[in-house]
Amino acid sequence: MFTTIFQSQIFVLDQNEALDFYVGKLGLEVKADVDMGVMRRLTVGIPGEAGREILLEKPGPPSMSAETADQVRDLVTKGAMGGWLIFTTADCRKTYETLLAKGVEFTEEPTERPYGVDCGLRDPFGNRIRFTQPNT
């Protein structure tokens with residue numbers, strides 16, 4: 001049946017600010033940036049990886065009404081949308097220090113876990129992000 005997950009989605013409140021954060025600070029690359037008239041299809045992903053993309057979607061038409069979009073924006077800013085992004089890294093502490101120097105604000109410093117070392121942060125809109133250095 002299915003062979004891969006191609007695209008995941010999170011809501012952002014400002015796609016240009018999202019680009020600054022996800023590309024400028026986290027080091028992802030733009031995979032698609034298309035003006036579709038009723039919306040902007042903006043995706044990012046790991047540089048050089050042809051796999052999964054993350055759709056940075058602004059709440060609104062055509063997928064939802066203005067009233068629903070207002071509710072979604074409110075939930076996003078509270079960090080209550082339920083979506084997560086979890087990345088892997090070869091060195092969690094080094095990645096943490098690199099991102100900290102770029103002004104990324106963390107919710108949790110690198111911590112030893114049974115599965116490896118990981119830490120947490122939020123994007124400028126309240127979305128939760130973690131990155132993990134898995135045990136080998």
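The following questions and answers concern a predicted model and its local features.

Visitor: On what basis are residues numbered, and which pLDDT limits apply to this predicted model?

Guide: Residues are numbered from 1 along each chain as its sequence is written, and side-chain values use heavy atoms, with hydrogens and water left out. Totals for chains, interfaces and linings use all residues of this predicted model, whereas side-chain atom pairs count only at pLDDT 80 or more and local features need pLDDT of at least 70.

Visitor: How many aromatic pairs does the model contain, and what is the geometry of F21 and Y22?

Guide: Rings of Phe, Tyr and Trp (its six-membered ring) pair if their centres lie within 6.5 Å; planes under 30 degrees apart count as stacked, over 60 as edge-to-face and the rest as tilted. By this rule there are 3 aromatic pairs. The ring centres of F21 and Y22 are 5.1 Å apart and their planes stand at 85°, so this pair is edge-to-face.

Visitor: Are F21 and Y22 buried or exposed?

Guide: Buried means under 20% relative accessible area, exposed over 50%, and partly exposed in between (1.4 Å probe, protein chains only). F21 has 6% relative accessibility, and Y22 has a relative accessible area of 0%. F21 therefore counts as buried, and Y22 is likewise buried.

Visitor: Which residues of helix α1 are buried, and which residue caps its N-terminal end?

Guide: Helices (H or I, at least four residues) and strands (E, at least two) are DSSP runs, numbered from the N terminus. In α1, residues 15–25, the buried residues are Q15, A18, L19, F21 and Y22. At the N-terminal end of α1, a side-chain oxygen lies 2.9 Å from the backbone nitrogen of N16, and the capping residue that supplies this oxygen is D14.

Visitor: What is the geometry of the pair F106 and F131, and which aromatic cluster includes these residues?

Guide: The ring centres of F106 and F131 are 6.1 Å apart with planes at 75°, so the pair is edge-to-face. This pair links distant parts of the chain, 25 residues apart, with F106 in strand β6 (residues 106–113) and F131 in strand β8 (residues 128–134). Both F106 and F131 are buried. The one aromatic cluster here is formed by Y96, F106 and F131.

Visitor: With which side chains does R130 make polar contacts?

Guide: A polar contact is a pair of N or O atoms within 3.5 Å; within protein, one must be able to donate a hydrogen and the other to accept it, and residues adjacent in sequence count only if both atoms are side-chain atoms. R130 is found in strand β8, and at 13% relative accessibility R130 counts as buried. Its side chain makes a polar contact of 2.9 Å with the side chain of E108, and a second contact, of 3.1 Å, joins R130 to the side chain of D118.

Visitor: Which element gives the most to the lining of the largest pocket?

Guide: On a 1 Å grid over the protein atoms alone, a pocket is an open set of points where a 1.4 Å probe fits, with protein on both sides within 12 Å along at least five of seven lines; lining residues have an atom within 4 Å of a point. The largest pocket is lined by 16 residues, of which L26, L28, F87, T95 and L99 lie nearest its centre. Elements β5 (84–88), α3 (92–101) and β8 each supply at least two residues of this lining. The element that gives the most, with 3 residues, is α3.

Visitor: Which element gives the most to the lining of the second largest pocket?

Guide: Of the 15 residues that line the second largest pocket, the closest to its centre are R52, I54, L85, I86 and F87. Two or more lining residues come from each of β1 (7–11), β3 (40–45) and β5. With 5 residues, the element that gives the most is β5.

Visitor: Where is the cis peptide bond that joins P61 and P62 placed in terms of P62?

Guide: The cis peptide bond between P61 and P62 has an omega of about 5°. P62 has its place in the loop between β4 (53–57) and α2 (66–77).
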